[in-house]
Amino acid sequence: QVQLAESGGGLVQAGGSLRLSCAASGRTFDNYSMGWFRQAPGKEHEFVAAIAGIGWSGGSTAYADSAKGRFTISRDFAKNTVSLQIDSLKPEDTAVYYCTAGGVVLTPIMDEYDYWGQGTQVTVSS
């Protein structure tokens with residue numbers, strides 16, 4: 001059974017940093033994109049960042065405009081994990097952050113990802 005388990009969320013003051021991690025089990029995603037989406041209260045899911053698999057664009061990354069400059073996505077192929085470093089957190093970053101995997105291409109489209117984690121809550125106080 002494939003599972004994606006996020007960790008690292010929490011309550012942090014504005015200006016602080018968090019590192020979210022996602023561990024995949026049940027299969028590897030070396031040749032597939034992995035990414036992060038988020039959902040703020042009362043809003044739709046929003047693409048945050050994605051990172052390509054081995055051999056696909058050399059591990060290229062893609063970011064939402066709102067994430068550029070403060071968010072950094074990375075992955076460890078040996079550990080089958082993907083991480084999201086978030087710096088200079090803002091109250092508007094408050095959301096449940098979801099790890100995704102299985103994208104064939106580097107894409108911000110939700111339906112392109114086959115697997116989703118349960119999410120981890122990030123709350124940023126002002």
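This briefing describes the core, the strands, the disulfide and the aromatic pairs of one protein structure. The model is predicted. Its largest nonpolar core has 31 residues, and a search of the whole structure finds 1 disulfide. The structure also holds 5 aromatic pairs.

**The nonpolar core**

- In soluble globular proteins, nonpolar side chains tend to be buried together.
- Within the largest nonpolar core, the residues with the most contacts are Leu 4, Met 34, Trp 36, Val 48, Val 82, Leu 84 and Tyr 97.
- Two or more residues of this core come from each of the strands S3 (18-25), S4 (33-39), S5 (45-51), S7 (71-76), S8 (81-86), S9 (95-103) and S11 (120-125).
- Strand S5 provides the largest share of this core, with 5 residues.
- When neighbours within four places in sequence are left aside, Val 48 is in contact with Trp 36, Phe 37, Arg 38, Ala 62, Tyr 63, Ala 64, Ala 67, Phe 71, Leu 84 and Tyr 97.

- Strands of a sheet pair through backbone hydrogen bonds, either parallel or antiparallel.
- In strand S9, 9 of the 9 residues are buried, so S9 is largely enclosed by the rest of the structure.
- Strands S4 and S9 pair in the antiparallel sense over 7 bridges; Met 34 has Ala 101 in S9 as its bridge partner.
- S9 also pairs with S11 in the antiparallel sense, over 3 bridges, and the bridge partner of Tyr 97 in S11 is Thr 120.
- Strand S10 (residues 115-116) is joined to S9 by 2 bridges, and these two strands run antiparallel. Here Thr 100 stands opposite Trp 116 in S10.

**The open sheet of four strands**

- An open sheet of 4 strands has the order S1-S3-S8-S7, and its pairing is antiparallel.
- Strand S1 (3-7) and S7 stand at the edges with a single partner strand each, so one side of each is left without a neighbour in the sheet.
- On average, neighbouring strands of this sheet are turned by 15° against each other, direction ignored.
- S7 and S8 run antiparallel and are joined by 6 bridges; Asp 76 stands opposite Thr 81 in S8.

**Two buried serines**

- Ser 83 is found in strand S8. This residue has a relative accessible area of 9% and is therefore buried, because buried means under 20% relative accessible area.
- Ser 83 is in contact with Arg 19, Leu 20, Ser 21, Trp 36, Thr 72, Ile 73 and Ser 74, leaving aside its neighbours within four places in sequence.
- Ser 33 lies in strand S4 and counts as buried, at 1% relative accessibility.
- Not counting residues up to four places away in sequence, Ser 33 touches Ile 51, Ala 52, Gly 53, Arg 75, Ala 101, Gly 102, Gly 103, Val 105, Leu 106 and Tyr 113.

**The disulfide**

- Cys 22 and Cys 99 form a disulfide in which the sulfur atoms are 2.1 Å apart.
- The torsion about the S-S bond of Cys 22 and Cys 99 is about -75°, so the disulfide is left-handed.
- Both Cys 22 and Cys 99 are buried.

**Aromatic residues**

- Among the 5 aromatic pairs, the pair of Phe 29 and Tyr 115 is edge-to-face, at 5.5 Å centre to centre and with 65° between the planes.
- Phe 29 lies in the loop between S3 and S4, whereas Tyr 115 is in strand S10, so the pair ties together parts that are 86 residues apart in sequence.
- Phe 29 is buried, with a relative accessible area of 0%, while Tyr 115 is partly exposed, with a relative accessible area of 26%.
- The rings of Phe 37 and Trp 116 have centres 5.1 Å apart and planes at 45°, so this pair is tilted.
- This pair links distant parts of the chain, with Phe 37 in strand S4 and Trp 116 in strand S10, 79 residues apart.
- Phe 37 counts as buried at 1% relative accessibility, whereas Trp 116 counts as partly exposed at 29%.
- One aromatic cluster is formed by Phe 37, Phe 47, Tyr 98, Tyr 113 and Trp 116.

Conventions. Residues are numbered from 1 along each chain as its sequence is written. This is a predicted model: local features need pLDDT of at least 70, side-chain atom pairs count only at pLDDT 80 or more; totals for chains, interfaces and linings use all residues. Side-chain values use heavy atoms; hydrogens and water are left out. A nonpolar core is a set of buried Ala, Val, Leu, Ile, Met, Phe, Trp, Tyr and Cys residues joined through side-chain atoms within 4.5 Å. Buried means under 20% relative accessible area, exposed over 50%, partly exposed in between (1.4 Å probe, protein chains only). Contact means heavy atoms within 4.5 Å. Two strands pair if DSSP finds at least two bridges between them. Axes are lines fitted to C-alpha atoms, for helices over the stretch in contact, and angles run from 0 to 180 degrees between N-to-C directions. A disulfide is a pair of cysteine sulfur atoms within 2.5 Å. Rings of Phe, Tyr and Trp (its six-membered ring) pair if their centres lie within 6.5 Å; planes under 30 degrees apart count as stacked, over 60 as edge-to-face and the rest as tilted.
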